[in-house]
Amino acid sequence: MSETGISFEKAMDAIKDVTGKARMDIREELKKDPRIRLKKGENGCGKDTDYNDRSMYHWITACGSDDKEYELAFFYSEIDVDSGNCHCQLGRLMFVKGLIKNPGSNITSPNEVICNKPGETTIVFHSNKWINPLDYIFGSDKPQKEEFQKKLANGKWITVDDVCRDESIKQFVVKAFVKFILESPNADAK
């Protein structure tokens, strides 16, 4: 550890710990709703492999009554349409719809992998499938959204810190996610 703060390793461990706790809290709350079936398997934590560490990413995959999968992600990813750069915000809660299985994989994703020819792959990033819970619930009701945002740690979006520190926010997230699953039309639309 340096004199200026904590080490990168300790920061990553802290992110994994708080995100994992938030994931388990939400998962336990979702289990209380009989309309939601959580996907079987590991359901929510990336792997640390020799070539890539995805262990700081957490999510919950739920199956709706229509057997389509929806994710409650504890991170947000986007592609900057001006530069093509990929950005990720760890700890930001997002709803994800329209998950698909890509060729050669049993893992679902909102994105598409297109194998054009040997050695050439195109990835289609469907950022329209990533939904901010606040935008979903409050829509264009700006005053109500702004009032709710006063409860949030950063005042902009729901984070894992909010879920871990405030029971009402955890319940809000679960209620919103259940509504998202039950009301999502054409979840497979691209």
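Biologist: Hi! How many residues of S2 are buried?

Modeller: S2 is mostly covered, with four of its five residues buried. Buried means under 20% relative accessible area, exposed over 50% and partly exposed in between, using a 1.4 Å probe and protein chains only. Strands (E, at least two residues) and helices (H or I, at least four) are DSSP runs, numbered from the N terminus. This is a predicted model, so local features need pLDDT of at least 70 and side-chain atom pairs count only at pLDDT 80 or more, while totals for chains, interfaces and linings use all residues. Residues are numbered from 1 along each chain as its sequence is written, and side-chain values use heavy atoms, with hydrogens and water left out.

Biologist: Thanks. Which strands does S2 pair with?

Modeller: S2 pairs with S1 in the antiparallel sense over two bridges, and with S3, also antiparallel, over five bridges. Two strands pair if DSSP finds at least two bridges between them. Cys63 of S2 stands opposite Arg37 and also opposite Glu69 in S3.

Biologist: And what is the strand order of the whole sheet?

Modeller: Five strands make an open antiparallel sheet in the order S1-S2-S3-S4-S9. S1 and strand S9 (130-131) are the edge strands, each pairing on one side only. S4 and S9 run antiparallel and are joined by two bridges, with Val96 opposite Trp130 in S9.

Biologist: Changing topic: how many residues are in the largest nonpolar core?

Modeller: That core has 29 residues, and those with the most contacts inside it are Ile26, Leu30, Leu72, Ile158, Val173 and Phe177. At least two residues each come from helix H1 (8-31), strand S2 (59-63), strand S3 (69-79), strand S4 (86-96), helix H2 (133-138), helix H4 (160-165) and helix H5 (167-183). H5 gives the most, with nine residues. A second, separate core of seven residues includes Phe75, Met94, Val96 and Trp130. A nonpolar core here is a set of buried Ala, Val, Leu, Ile, Met, Phe, Trp, Tyr and Cys residues joined through side-chain atoms within 4.5 Å.

Biologist: What is Ile158 in contact with?

Modeller: Leaving aside neighbours within four places in sequence, the contacts of Ile158 include Leu93, Pro133, Leu134, Phe148, Leu152, Phe172 and Val173. Contact means heavy atoms within 4.5 Å.

Biologist: On to H1, then: what do its buried residues pack against?

Modeller: They pack against strand S1 (37-38), S2, S3, H4 and H5. Among the buried residues of H1 are Met12, Arg23, Asp25, Ile26 and Leu30.

Biologist: Is Glu29 buried or exposed?

Modeller: Glu29, which sits in helix H1, is buried, with a relative accessible area of 14%. Not counting residues up to four places away in sequence, Glu29 touches Glu167, Lys170, Gln171 and Val174.

Biologist: Last one: which residues are closest to the centre of the largest pocket?

Modeller: Of its 36 lining residues, the closest to the centre are Arg54, Trp59, Ile107, Thr108 and Ser109. S2, S3, S4 and strand S6 (108-109) each give two or more residues to the lining, and S3 gives the most, with five. A pocket is an open set of points on a 1 Å grid over the protein atoms alone where a 1.4 Å probe fits, with protein on both sides within 12 Å along at least five of seven lines; lining residues have an atom within 4 Å of a point.
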